[in-house]
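Please look through the sequence and the model shown here before reading the report that follows.

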Amino acid sequence: DRQHRKTKRVCGVIDLVRQRAALERLCATRFRSATRNCTAAPGTGSSNQKAQRTGSAMSSEVEETLKRIQSHRGVKGVLIVSADGVPIRSNLDDDETQTYAALLSQLATKARNVVRVLDDQDELAFFRIRSNKHEIMVAPDPEYLLIVVQENVK
């Protein structure tokens, strides 16, 4: 039951990351259209400002959730990685971040393919790797990976 709650929290962070990405795409689209058309409607700027305020509120919500995950006993690191394996946010040192990001993004791609081969109607939702020292939890998304590394609690 406790592990189920942790999994739900991690999936909630992925949802927040998805929402933020959607908002960033919306803001970028509005910015491009505003710069193409210098005589944009007077209300365009205020809606851009409103979207940016919403984005910063969502960003702080993502930050709070990441801090909450990090505060759990035994959590060593939390990473958000793009689908290409590029680290976006991490609290690990640079070498560890690069290593986890590269290896786990490749593994997530392979795991996603395995699930699709087994059942083309299915989709990878979450996977966990447990070793003697650590447990790595990965919540994949089409655009991002959320990776949580924690000390193995015995």
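Is Ser82 buried or exposed?

## Basis of the report

This is a predicted model, in which local features need pLDDT of at least 70 and side-chain atom pairs count only at pLDDT 80 or more, while totals for chains, interfaces and linings use all residues. Residues are numbered from 1 along each chain as its sequence is written, and side-chain values use heavy atoms, with hydrogens and water left out.

## Ser82

Ser82 counts as buried because its relative accessibility is 14%, where buried means under 20% relative accessible area, exposed over 50% and partly exposed in between, with a 1.4 Å probe and protein chains only. Ser82 belongs to strand E1, residues 75-82, strands being DSSP runs of E with at least two residues and helices runs of H or I with at least four, both numbered from the N terminus. Leaving aside residues up to four places away in sequence, Ser82 touches Ile88, Glu143 and Tyr144, contact meaning heavy atoms within 4.5 Å.

## The sheet

Five strands form an open sheet in the order E2-E1-E5-E4-E3, with antiparallel pairing; two strands pair if DSSP finds at least two bridges between them. The edge strands, each pairing on one side only, are E2 (87-90) and E3, and the twist from one strand to the next averages 15°.

Strand E3 (residues 127-130) runs antiparallel to strand E4 (residues 134-140), and four bridges join them. A hairpin of three residues links E3 to E4, and Arg128 stands opposite Met137 in E4.

## The helix across the sheet

Helix H3 (residues 94-118) lies across E1, E2, E3, E4 and E5 (144-151), and runs at about 115° to E5. Axes are lines fitted to C-alpha atoms, for helices over the stretch in contact, and angles run from 0 to 180 degrees between N-to-C directions.
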